[in-house]
Each structure stands twice: as C-alpha cells, then as structure tokens.
Amino acid sequence: MSDENRLAAAVRTEFGKGAARRARRDGQVPAVLYGHGENPRHLNVPSRDFAAILRAHGTNAVLTLDIEGKEQVALTKSVVVHPIRKYIEHADLLVIKKGEKVTVDVPVVVTGEAAAGSMTTQDATTVSLEVDALKIPEQIEVSVDGLEIGTQILAGQIELPKGATLQADEDLLLVNIVAAPTAADLEEQPAEAAEAEAEAEEAPAE
C-alpha cells in the first residue's frame with residue numbers, strides 16, 4: 001500500500017450533528033469503520049487528504065488508516081457529498097484483510113469511435129464485480145471502435161481483470177450503438193413537442 005493512501009484517523013468521542021459540523025469546520029470528515037464482526041469505530045479523517053485520494057483512485061479507494069498508532073486497511077464503501085456545497089459530509093469504511101474478496105461497483109468507461117452515422121449510448125455507468133480487495137480496478141474500459149449500428153455490449157461480454165468475477169446479470173446492457181439522428185429528425189422533435197403541448201392545452205379539464 002502506497003503512502004499516498006495513508007490517512008491519520010482520530011477516534012471520535014463526540015457524536016450528533018453538532019459534533020459533525022465542528023469536525024468538518026476543523027477540516028475533518030466523520031467516518032464509521034466496520035466489518036469482520038468488530039464493533040463500529042467512529043473516526044475523523046482529514047478531509048483534504050481523503051478527497052485527494054478519492055479524486056486519484058475513485059470511490060472504491062483502499063486506505064491505510066493510522067488509528068492512534070495502529071494500522072488498519074479499509075475500503076471506502078460509501079461517501080456522502082453535500083448536494084450543493086460539494087464537501088464530503090460522511091464516509092463508511094469497510095475493514096478488509098489481505099486476500100479477501102469484496103463486491104464493488106466499478107465505473108464503465110467507453111472508448112473509441114463507433115461506425116460513421118452511429119451514436120453510442122451508455123445504459124449502465126457501473127458494473128458489479130467481486131475482486132481481491134487490494135486489486136480493485138479503477139475502471140472497466142469498453143471499446144466501441146468501428147462497431148456498427150445495432151451492436152449491443154452486455155455485461156457478460158466484457159473482459160474482466162484477472163481474478164475478478166461478474167456479479168451483475170450477464171444480460172445487463174452496458175452500451176448500445178444506434179443510428180445518429182438526422183437533421184430532419186432534430187427539426188421534427190421541437191414540432192412534435194409543440195403539437196403535444198397544444199393538444200394538452202386544448203384538452204378539457206376533468
């Protein structure tokens with residue numbers, strides 16, 4: 001585990017919304033560490049350093065926590081971000097052991113350009129995998145290079161990292177190659193919307 005994923009974690013002794021606000025004001029993120037039958041541990045971790053790790057490694061980041069001199073490896077299980085101000089409000093961390101497998105949602109990234117006249121639509125942005133807790137891929141790349149209209153890529157067709165097992169339905173649609181709309185199609189859409197709006201206004205009230 002690299003030092004860039006190392007965080008000094010302090011044990012929380014205060015709880016409630018007021019304590020959480022004070023922690024965030026002091027540059028800390030309230031977090032709960034749980035798993036392996038242990039009692040949940042309430043911690044504070046440095047918000048700036050934690051956010052930097054998430055930016056670099058995604059929301060499945062593996063951390064080495066220094067909890068009052070004792071190290072614990074943990075997986076970032078969930079992160080709650082303020083919807084407007086975008087700071088991290090809270091995090092759930094999962095205790096992991098070397099060699100242990102975990103189920104995580106890994107981002108799906110589409111690469112390449114499909115055939116001329118086509119448009120690529122992505123139906124699923126993540127796919128569920130069971131992987132070694134210390135070898136979680138940051139993303140799964142799906143190439144659409146040269147694919148023709150009508151081609152679909154399902155979860156069961158993607159190449160998985162060594163040792164990973166698909167947990168999603170094999171028939172889950174990830175990517176769909178469809179015909180790109182023509183200029184005429186784009187002109188018709190506003191007209192159809194206007195007609196529908198006019199019909200709605202003319203309909204008698206019930």
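**Terms and values, one residue at a time**

Visitor: Why is E68 called exposed?
Guide: E68 has a relative accessible area of 64%. Exposed means over 50%, buried means under 20% and partly exposed is in between, with a 1.4 Å probe and protein chains only. The 64% of E68 is over the 50% limit, so E68 counts as exposed.

Visitor: What should I know about the model behind these values?
Guide: It is a predicted model, in which local features need pLDDT of at least 70 and side-chain atom pairs count only at pLDDT 80 or more, while totals for chains, interfaces and linings use all residues. Residues are numbered from 1 along each chain as its sequence is written, and side-chain values use heavy atoms, leaving out hydrogens and water.

Visitor: Where does E68 lie, and what is its phi?
Guide: E68 lies in the loop between β4 and β5. Its phi is positive, about 50 degrees, although E68 is not a glycine. Strands such as these are DSSP runs of E with at least two residues, helices are runs of H or I with at least four, and both are numbered from the N terminus.

Visitor: Why are the buried residues of α1 said to be on the same side?
Guide: The buried residues of helix α1 (residues 17-25) are A19, A20 and A23. They cover an arc of only 100 degrees around the axis, which puts them on the same side of α1; the arc is that of the directions from the helix axis to the C-beta atoms. Their cover includes β2 (28-35) and β3 (38-46). The face turned away carries the exposed residues K17, R21 and R25. Just after α1, G27 takes a positive phi of about 80 degrees.

Visitor: How do you know that β9 and β12 pair?
Guide: Two strands pair if DSSP finds at least two bridges between them. β9 and β12 are joined by 2 bridges and run antiparallel, so they meet that condition. L129 has L166 in β12 as its bridge partner.

Visitor: What makes β10 and β12 edge strands?
Guide: The open sheet has 4 strands in the order β10-β7-β9-β12, with mixed pairing. β10 (140-143) and β12 each have a single partner strand, so one side of each is left without a neighbour in the sheet.

Visitor: What is the order of the strands in the barrel?
Guide: 6 strands close into the barrel in the order β1-β3-β2-β6-β5-β4, with mixed pairing. Neighbouring strands are turned by 45 degrees against each other on average, direction ignored. α1 packs on this sheet, touching β2, β3 and β6 (88-95), and its direction makes about 120 degrees with that of β2. Such axes are lines fitted to C-alpha atoms, for helices over the stretch in contact, and angles run from 0 to 180 degrees between N-to-C directions.

Conventions
Contact = heavy atoms within 4.5 Å.
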